[in-house]
Amino acid sequence: MNHFLPFSKPTIDEATIASVAETLRSGWITSGPKVAEFEKKLSEYFGGRPVRTFNSGTCTMEIALRIAGIGAGDEVITTPISWVATANVILEVGAIPVFADIDPVTRNIDLDKVEAAITSRTRAIIPVYLAGRPLDMDKLYAIAEKYKLRVIEDAAQAIGSTWQGKPIGSFGDFISFSFQANKNITTSEGGALVLNTPEEVVLAEKYRLQGVSRSGWDGIDVDVLGGKYNMTDIAAAIGLGQFAKLQDITAHRRVLAQHYFKLLGVDFEKRTGAQLPPKDFANTNWHLFQIVLPDTITRPQFMERMKAFNIGVGFHYAPIHLFTLYRERGFKEGMFPISEQVGRQIVSLPMFYAMTFIDVERTCMAIREVLG
Ligand SMILES: *Cc1c(COP(=O)(O)O)cnc(C)c1O
């Protein structure tokens with residue numbers, strides 16, 4: 001029997017492990033020189049824009065909302081097809097989540113539906129780049145400008161992705177990344193925020209650590225309510241080792257995605273009734289390789305049958321508006337039909353840096369057995 005093939009797995013190289021060991025021995029294991037170095041490297045990659053790191057992608061988005069001054073009574077538009085964190089942060093700051101349905105092809109939020117959902121209380125949009133696939137960024141920012149909205153890009157899955165040759169994160173308003181274990185590059189847990197102005201950087205640092213600011217030559221003051229969201233040097237050491245491989249990781253994932261298309265075959269959709277992702281090898285970092293199953297098989301059945309071939313399948317995501325917490329706020333079945341359909345049948349096939357062509361071949365052979 002073949003070894004178990006998970007849908008995702010981090011790869012930490014020996015140089016990174018050595019750097020973590022060195023950090024542990026250094027006597028400085030919380031936020032320090034490694035965090036500063038990681039932020040500097042990220043900032044260079046994002047075209048010199050200021051960057052601050054945090055201990056999760058979730059708190060990174062929450063802090064961006066706080067910096068933007070978004071709170072009680074404000075509406076924030078986002079997609080139902082994301083990790084629940086994307087909507088939870090809106091509730092966390094006391095604002096009102098408003099969903100707009102997705103585009104069935106890209107599976108990202110439909111910008112025409114975003115525009116239709118804007119009211120006089122709308123303050124921000126949180127677009128999500130599912131699987132690392134960017135939106136039409138020109139259209140997104142044209143809408144933001146027209147209605148004077150802030151944008152907090154949930155680019156948790158999109159490090160290494162580009163738009164017209166520019167890295168996601170190097171342009172736009174706030175851009176939030178996650179370095180959770182399964183993301184294209186990881187710090188085990190962590191996040192980073194690309195900011196606009198020195199004033200925003202000051203606020204980011206305050207919200208990150210109890211609201212503390214320096215005042216005078218030896219004093220500190222606290223003038224806003226901050227939390228405890230700083231990244232450790234241990235995490236940053238992992239991040240630096242991972243970041244050095246970003247180009248390689250992105251390139252390898254794109255090659256794997258191409259191999260999937262080749263082996264599934266040009267008639268795959270016609271033959272099986274399943275839907276492939278858009279064929280994009282220029283912009284998407286292929287964080288996930290997702291297909292939408294035909295209605296002839298349920299997702300649990302598909303996952304069970306793939307498991308019999310020792311192949312792990314993930315699912316990203318269940319529609320957020322149908323979770324109890326959101327139903328209690330008035331959302332219900334039928335409100336976002338495309339999200340509901342995609343959310344019911346979407347699966348993530350194995351896709352990670354250490355994966356080989358043989359792994360793709362195994363997966364495609366199993367799919368052929370399962371879907372015909
Ligand atoms: C991973 C992820 C998050 C949350 O990031 P954490 O680092 O786990 O807090 C949010 N949104 C999306 C789309 C994600 O993939």
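**Close-up 1. The buried side of helix 6 in a predicted model.** In helix 6 (residues 137-147), the residues M137, L140, Y141, I143 and A144 are buried (buried means under 20% relative accessible area, exposed over 50% and partly exposed in between, with a 1.4 Å probe and protein chains only). Look down the axis of helix 6 and those buried residues fall within an arc of 155°, so they line one face of the helix; the arc is that of the directions from the helix axis to the C-beta atoms. Over on the other side of helix 6, E145 and K146 are exposed. This is a predicted model, where local features need pLDDT of at least 70 and side-chain atom pairs count only at pLDDT 80 or more, while totals for chains, interfaces and linings use all residues. Residues are numbered from 1 along each chain as its sequence is written, and side-chain values use heavy atoms, with hydrogens and water left out.

**Close-up 2. What covers helix 6, and how its ends look.** The cover over the buried residues of helix 6 includes helix 5 (111-117), strand 4 (122-126), strand 5 (150-154) and strand 6 (162-163). Contact here means heavy atoms within 4.5 Å; helices (H or I, at least four residues) and strands (E, at least two) are DSSP runs, numbered from the N terminus. At the start of helix 6, D136 has a side-chain oxygen that comes within 3.2 Å of the backbone nitrogen of D138. Just past helix 6, K148 has a positive phi of about 55°.

**Close-up 3. The shell around the ligand.**

Close-up 4. A polar side-chain atom of T58 sits 2.5 Å from an oxygen atom of the ligand. For S178, an N or O atom in the side chain is 2.7 Å from a ligand oxygen, and for Q157 that distance is 2.9 Å. Taken alone, the ligand exposes 380 Å², and the protein buries 93% of that (areas by the Shrake-Rupley method with a 1.4 Å probe).

**Close-up 5. D248 in helix 9.** D248 belongs to helix 9 (residues 246-264). The C-alpha atoms of D248 and G160 are 9.9 Å apart, though 88 residues separate them along the chain.

Methods:
A polar contact is a pair of N or O atoms within 3.5 Å; within protein, one must be able to donate a hydrogen and the other to accept it, and residues adjacent in sequence count only if both atoms are side-chain atoms.
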